[in-house]
Amino acid sequence: MKMEKLNILFITSSDVSPLNGGIDRVVILLAEELNKLPQYQVFSAYFEIKHTSANIFKKKIKVDEKNMLSELSDFIRENEINIILNNVLERKKLKFLLPALEKISKQEHTCKILYHYHNLPGFEKASIYPKMYWMRLKNGQYKLHYFYKLMLQLMARLTRNKLLIRYWVKKYRALYQFSDKIVLLSRAYIPVFANCAQVSVNDKLVAINNPLSFSESIKIDSIYSKQKEALIVSRLDEEQKRLSLALKIWKKIESNALLSEWKLTIVGDGEDKLYYQNLVKKLKLQRVFFEGAQNPEIYYKRSSIFIMTSAYEGWGLTLTEAQQMGVVPVAFDTFGAVHDIIEDKYNGLIIPNNDIERYADKLAWLMQHDEERQTMACNAVESSKKFHPSEIGKQWVKLLFAPS
């Protein structure tokens, strides 16, 4: 069957760059995969510039909130855009973008609008954590939005989230109403999103996993020469990432004389770096090393175990990065997609949420059993291949050509 020509417009918060984070890395991988096929042309629309952009789009446009409707309409018409793939998460930007897209969809009847939801539906409830903002203020981080967030979250606790739930439903329903398809990161999220939007589960809600980050996986032989090193690659943000739990777990590891050769490396930066450094001192940890914001690939290649303690994730891109590099992931069971990635005891370990004792015990077991750990690492590399960009790209091609 001959395929028609498709011009796809990616809408993002910032000019697409791998330095912007996980969403942009996924956009780049998907755009690159579509660029390999002659029937596709990819375009970009964005709100702001943060970093040097990725040079993968045929044309780009920076849109202004005030003139968004006219700018986007003209760009879509001039470049004969067939499909809009909206990747914007921020509430303030969606406030302007969604009404504009609704009007554009009525003007351009051949233009299909997809919303790629890059998070865990309902994550907002998990992110109610007033203690963190109070701790930041105590540390002397006197930022106005911290006071605002603290007051908002205290009010949410007092009202048992009733007002916020009403607001969240409105937001999810708007995303649902103004899109032809909602693309989620896991099939486990389909009923969750439907519940958030208070709609029935239907074929408007679909799921496509995220692709692998690195162009090549580690060679299996390299697994057997890895260091006795555990790794965290994360934004240093206690509200979501909960690295305080990781450090408390590591305290138990350092207390075990049989594990004295193991060290913990933390790659990443963020607003709670000072808090974590102070916690390391308070817990008297000796083998924890902060590396700052770095390209994590070299750390994955040498490390043996990957630690994740997040309160929630949309996908957990670092889990598949770890698996691709033969690093055995250990994660709390806090988001549905973790089961898409980790098969417990086969290519990683899944720990019941907040069970620090079991996490530490399983981590210690993994450190002491080289053969089992290396087998899991080999399984992780092999199982990660199902997330290769070419495989994920096929699913997107099928979706993009599906009738509205």
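Predicted model: local features only at pLDDT ≥ 70, side-chain atom pairs only at ≥ 80, totals over all residues.
## Isoleucine 83 and its neighbours

Leaving aside residues up to four places away in sequence, isoleucine 83 touches Leu6, Asn7, Ile8 and Leu9, along with Cys111, Lys112, Leu114 and Leu400.

Isoleucine 83 belongs to strand E4, which covers residues 83-86. Its relative accessibility is 2%, so isoleucine 83 counts as buried, the cut-off being under 20%.

## The chain as a whole

Stepping back, the chain holds 17 helices and 13 strands. It has 404 residues, and 56% of them count as buried. Taking the contacts between residues at least 6 apart in sequence, 73% join residues at least 24 apart.

If you care about the surface, the accessible area of the chain is about 19,300 Å². Carbon and sulfur atoms account for 52% of that area.

## The second largest pocket

Here is a pocket you can pick out in the structure above. The second largest pocket has a volume of about 260 Å³. Two elements each give two or more residues to its lining: helix H3 (91-107) and helix H7 (162-177). H3 gives the most, with five residues.

The lining consists of Arg91, Leu94, Lys95, Leu98, Pro99, Tyr167, Lys170, Lys171, Ala174 and Phe178. By residue class, the lining of this pocket divides into six nonpolar and four charged residues, with no polar ones.

Conventions: Residues numbered from 1 in each chain as written. Heavy atoms only, no water. Helix = DSSP H or I, 4+ residues; strand = E, 2+ residues; numbered from the N terminus. Buried < 20%, exposed > 50% of the residue type's maximum accessible area, 1.4 Å probe, protein only. Contact = heavy atoms within 4.5 Å. Areas by Shrake-Rupley, 256 points an atom, 1.4 Å probe, with all protein chains shown as cover. 1 Å grid on protein atoms, 1.4 Å probe; cavity = no way out; pocket = protein on both sides within 12 Å on 5 of 7 lines; lining within 4 Å. Points joined across faces, edges and corners; volume = space filled by probe spheres on them. Nonpolar A, V, L, I, M, F, W, Y, C, P; charged D, E, K, R; others polar.
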